[in-house]
Structures are given as C-alpha cells and as structure tokens.
Amino acid sequence: MYAIVSTVNVEDPEVARTLLATEREPLVARAPGIVCGYWLEPIDGVGMSVLVFETKEHAEAAAKYPVPPMPGVTLLSLTIREVYGSV
C-alpha cells in the first residue's frame, strides 16, 4: 500500500471542515484503489491528510488528479510514501 501525505494551510477550520465533508470526502471516496483516508485537525493553521491506496500507481494517479480548490485551504506539501505497517 502507498499513502499520499499532505499538509495544507487552513484559514478557517470550521469552513474547511464543512467543505471537507461536502466536497472533498465524496470525491476521494470514488478514487480508484482508495483504502482509507484521514484528515487531521489543523494545529496552528496547518492541517494534514493521509490517504491510503492499494498501489503506488493508484496513489500517483490520485496525486495528479485536478481537484477543485477549497476556499481558504492552500496546499503546502504532498508526498507519496510506502506504508510499512498498519493495525
């Protein structure tokens, strides 16, 4: 398995949380090879997500997918990492 690990700058956490549920989660749920996804609470304005995919190819394709921007949320970093273990 491979994960997309992203950090974002979040201007308004409550607005971002609402948009996450209505805009981003439904889109990610349809991604080929998605296993699970987690969006973590912003700390000092920086949020993080971990999206796990069945293969590296699925993760790479998802990372390249042109997702619509979310107002007040700016991508800071995105990396693809192999999942070494899970429980």
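**Close-ups of a predicted sheet and its helices**

**View 1. Tyrosine 38 stands opposite valine 50 in β3.** Welcome to a predicted model, in which local features need pLDDT of at least 70, side-chain atom pairs count only at pLDDT 80 or more, and totals for chains, interfaces and linings use all residues. Residues are numbered from 1 along each chain as its sequence is written, and side-chain values use heavy atoms, with hydrogens and water left out. Seven bridges join β2 and β3 (residues 46-53) in the antiparallel sense; strands count as paired if DSSP finds at least two bridges between them. Helices (H or I, at least four residues) and strands (E, at least two) are DSSP runs, numbered from the N terminus.

**View 2. The hairpin of β2 and β3 has two residues between its strands.** Here aspartate 44 takes a positive phi near 55°.

**View 3. Four strands form an open sheet in the order β2-β3-β1-β4, with antiparallel pairing.** Because β2 and β4 (73-82) stand at the edges with a single partner strand each, one side of each is left without a neighbour in the sheet. From one strand to the next, the twist averages 15°. Further in, β1 and β3 pair over eight antiparallel bridges, and valine 8 has glycine 47 in β3 as its bridge partner.

**View 4. Helix α1 (residues 13-29) lies across β1 (2-10), β2, β3 and β4.** Its direction runs at about 170° to β2. Helix α2 (residues 56-64) packs on the sheet as well, touching β1, β3 and β4, and its direction makes about 25° with that of β1. Contact means heavy atoms within 4.5 Å. Axes are lines fitted to C-alpha atoms, for helices over the stretch in contact, and angles run from 0 to 180 degrees between N-to-C directions.

**View 5. Tyr38, Leu40 and Met48 make a nonpolar surface patch of about 300 Å².** Leucine 40 belongs to strand β2 (residues 34-43) and is partly exposed, at 44% relative accessible area. Patches take residues with over 30% relative accessible area and no salt bridge, joining like charges within 9 Å and nonpolar side chains (Val, Leu, Ile, Met, Phe, Trp, Tyr) within 5 Å. A salt bridge is a side-chain nitrogen of Lys or Arg within 4 Å of a carboxyl oxygen of Asp or Glu. Accessible areas come from the Shrake-Rupley method with a 1.4 Å probe; for residues, only the protein chains shown count as cover.

**View 6. Arginine 30 lies in the loop between α1 and β2.** Arginine 30 counts as exposed because its relative accessibility is 61%; buried means under 20%, exposed over 50%, and partly exposed in between (1.4 Å probe, protein chains only).
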